[in-house]
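Work through the exercises below with the sequence and the structure open. Each task is followed by a solution in steps.

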Amino acid sequence: MALDISIEHSVDIAEVTHLINRVYADAEKGLWQPGTDRTNVAEVAAVVQAGELAVARLDGAVVGVVRVQRLPGGEGEFGMLVASPEQRGVGIGRELVAFAEGWARAAGLRVMQLELLVPRGWTHPVKEFLREWYTRLGYREVRRDPFELAYPALQPQLATDCDFVVYHKPL
Ligand SMILES: CC(C)(COP(=O)(O)OP(=O)(O)OC[C@H]1O[C@@H](n2cnc3c(N)ncnc32)[C@H](O)[C@@H]1OP(=O)(O)O)[C@@H](O)C(=O)NCCC(=O)NCCS
């Protein structure tokens, strides 16, 4: 498998936005009001402009992305992790997480963070898979914040009460 992952500065913004929204519409089904998109071209363009978007290409085609950033507190964080639905289970997600961790180590960061949006009071199968997988990769829950406190402006777009679970892994 000829998988290349790198921070890209001139990627097709519309294509990436569509991939992220298509993947999240399925992965977060039931958490958001119908028609709520995960992101938009302006946000993705800003992420690319900031040099924070890593793109996975398989034989040249975009098959996944992850956003990497340095938080004000000095932790690394990855988010917007997606693998193309047509290429699941072949290691693209694992390689993207490894890239994000390598990026943070190279920047001298000692902790990697991720946030998982989970429904409060019931279990979402995709989130359960992610919790188990991230735990296997060495991530541990450090905090759980009510979504309405973290992002009050977005609360009306939720379809069910949710929490943000924050995970850390020492690098
Ligand atoms: C999360 C995601 C990126 C993983 O991508 P992927 O390329 O399919 O994942 P990989 O092939 O690297 O596999 C990841 C792990 O899941 C396991 N796995 C993959 N497919 C599986 C399946 N069908 N059944 C059980 N386990 C499976 C792999 O064994 C691997 O575990 P390991 O690292 O312990 O060996 C992808 O599922 C996705 O886009 N999900 C929706 C978006 C999302 O929720 N993102 C995370 C937001 S925090």
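**Exercise 1.** Identify the residues of this predicted model that come nearest to the ligand.

*Solution.* Start with the shell around the ligand, which holds 19 residues. Then pick out those that come nearest: Leu 81, Gly 91, Gly 93, Arg 94 and Arg 136. Finally, sort the shell by class: 13 residues are nonpolar, 3 are polar and 3 are charged.

**Exercise 2.** Find the polar atoms of Ile 92, Gly 93 and Arg 136 that face oxygen atoms of the ligand, and state the distances.

- Ile 92: a polar backbone atom is 3.4 Å from a ligand oxygen.
- Gly 93: a polar backbone atom is 2.7 Å from a ligand oxygen.
- Arg 136: here a polar side-chain atom lies 2.7 Å from a ligand oxygen.

Next, consider cover: on its own the ligand has 950 Å² of accessible area, and the protein covers 73% of that. As for location, the ligand takes up the space of the largest pocket.

**Exercise 3.** Which helix gives the most residues to the shell around the ligand?

*Solution.* First list the elements that each supply at least two shell residues; among them are helix 1 (13-27), strand 4 (76-83), helix 3 (92-106) and helix 4 (125-136). Helix 4 gives the most, with 5 residues.

**Exercise 4.** Locate the domain that UniProt annotates and describe its span.

*Solution.* The unreviewed UniProt entry places "domain: N-acetyltransferase" at residues 3-171. That span is 33% helix and 32% strand, and its end C-alpha atoms lie 24 Å apart.

Conventions. Residues numbered from 1 in each chain as written. Predicted model: local features only at pLDDT ≥ 70, side-chain atom pairs only at ≥ 80, totals over all residues. Heavy atoms only, no water. UniProt positions renumbered as here; feature names shortened; annotations may be inferred. Helix = DSSP H or I, 4+ residues; strand = E, 2+ residues; numbered from the N terminus. Near = heavy atom within 4 Å. Polar contact = N/O pair within 3.5 Å; in protein donor to acceptor, adjacent residues only side chain to side chain. Areas by Shrake-Rupley, 256 points an atom, 1.4 Å probe, with all protein chains shown as cover. 1 Å grid on protein atoms, 1.4 Å probe; cavity = no way out; pocket = protein on both sides within 12 Å on 5 of 7 lines; lining within 4 Å. Sits in = over half its atoms within 2 Å of the grid points. Nonpolar A, V, L, I, M, F, W, Y, C, P; charged D, E, K, R; others polar.
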